[in-house]
Amino acid sequence: MSTAHLPPPALPGSAHAVRTEAELEQILGAPHPDIRDKHTTFTTPLVRRFIEHARFFTLATSDADGNCDCSPRGDIESTVRFFGDRTLVLPDRLGNRRADSYRNILANPHVGLLFVVPGIDEVVRVNGRATLSTDPELLESMAIGGRAPNLAVVVEIDEVFTHCARAILRAKLWERDLFPDADAVPSLREMHAEQHSLTVGADEPRRQEEYRSYLY
């Protein structure tokens with residue numbers, strides 16, 4: 001039976017749900033003041049240098065009703081631009097035109113960013129308010145291979161803070177010996193076919209979708 005047609009199970013743990021900050025702190029404890037207040041409202045030279053090495057980041061957004069989305073972004077080299085210490089600009093790249101993140105930004109400007117440097121365990125988080133721009137000079141400054149993005153995301157920074165390495169250390173994310181066998185991981189094509197009850201031919205390559213040949 002397809003899992004898409006199974007009746008929804010009871011929400012796990014609902015009888016023991018945590019519903020207040022007081023309950024949460026009783027379980028986890030209160031953060032040390034240095035941790036609670038570790039964020040700033042601006043970037044520093046070292047934070048900017050870290051982000052300049054971050055070839056991968058995620059962009060979290062939500063619509064006017066609070067429905068959330070998180071989108072992965074990446075380039076062979078970081079093209080994030082800084083204007084002063086409280087504004088950064090992100091390029092849009094060729095995609096599938098759903099533009100979920102951008103539709104959300106039009107309804108709700110608040111965004112969250114998580115910057116990841118390959119091989120480094122720590123990450124940097126940035127929260128702020130975004131607008132969309134088609135400024136030609138700005139777009140051209142973020143071109144790669146002679147191809148400028150169609151859109152720029154301008155983020156006015158509200159919070160910046162570093163995030164410790166525990167999550168990446170627990171996941172052993174960069175330890176190549178622990179990478180899973182690629183054949184054991186479902187491909188995009190297989191998952192899409194299962195979601196929409198499509199048939200995938202046994203002779204079709206698993207990870208050779210057409211988009212892989214035109215990234216910009």
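Colleague: In which loop is lysine 172 found?
Modeller: This is a predicted model, in which local features need pLDDT of at least 70, side-chain atom pairs count only at pLDDT 80 or more, and totals for chains, interfaces and linings use all residues. Residues are numbered from 1 along each chain as its sequence is written, and side-chain values use heavy atoms, without hydrogens and water. Helices (H or I, at least four residues) and strands (E, at least two) are DSSP runs numbered from the N terminus. Lysine 172 sits in the loop between helix 6 (166–171) and helix 7.

Colleague: What is the relative accessible area of lysine 172?
Modeller: Lysine 172 is not a glycine, yet has a positive phi of about 50°. Buried means under 20% relative accessible area, exposed over 50%, and partly exposed in between (1.4 Å probe, protein chains only). Lysine 172 counts as partly exposed because its relative accessible area is 39%.

Colleague: Is arginine 97 buried or exposed?
Modeller: Arginine 97 is in the loop between strand 4 and helix 4. Its phi is near 70°, a positive value in a residue other than glycine. Its relative accessibility is 72%, so arginine 97 counts as exposed.

Colleague: Which strand gives the most to the lining of the largest pocket?
Modeller: A pocket is an open set of points on a 1 Å grid over the protein atoms alone, where a 1.4 Å probe fits, with protein on both sides within 12 Å along at least five of seven lines; lining residues have an atom within 4 Å of a point. The largest pocket holds about 1600 Å³ of space, a volume being the space filled by probe spheres set on the points, which are joined across faces, edges and corners. Of its 34 lining residues, the closest to the centre are Pro72, Arg93, Leu94, Gly95 and Asn96. With six residues, the most is given by strand 2.

Colleague: What is the volume of the second largest pocket?
Modeller: Its lining includes Pro31, Arg125 and Cys164. Helix 2 (33–36) and strand 7 (152–163) each supply at least two lining residues. The volume of this second largest pocket is about 240 Å³.
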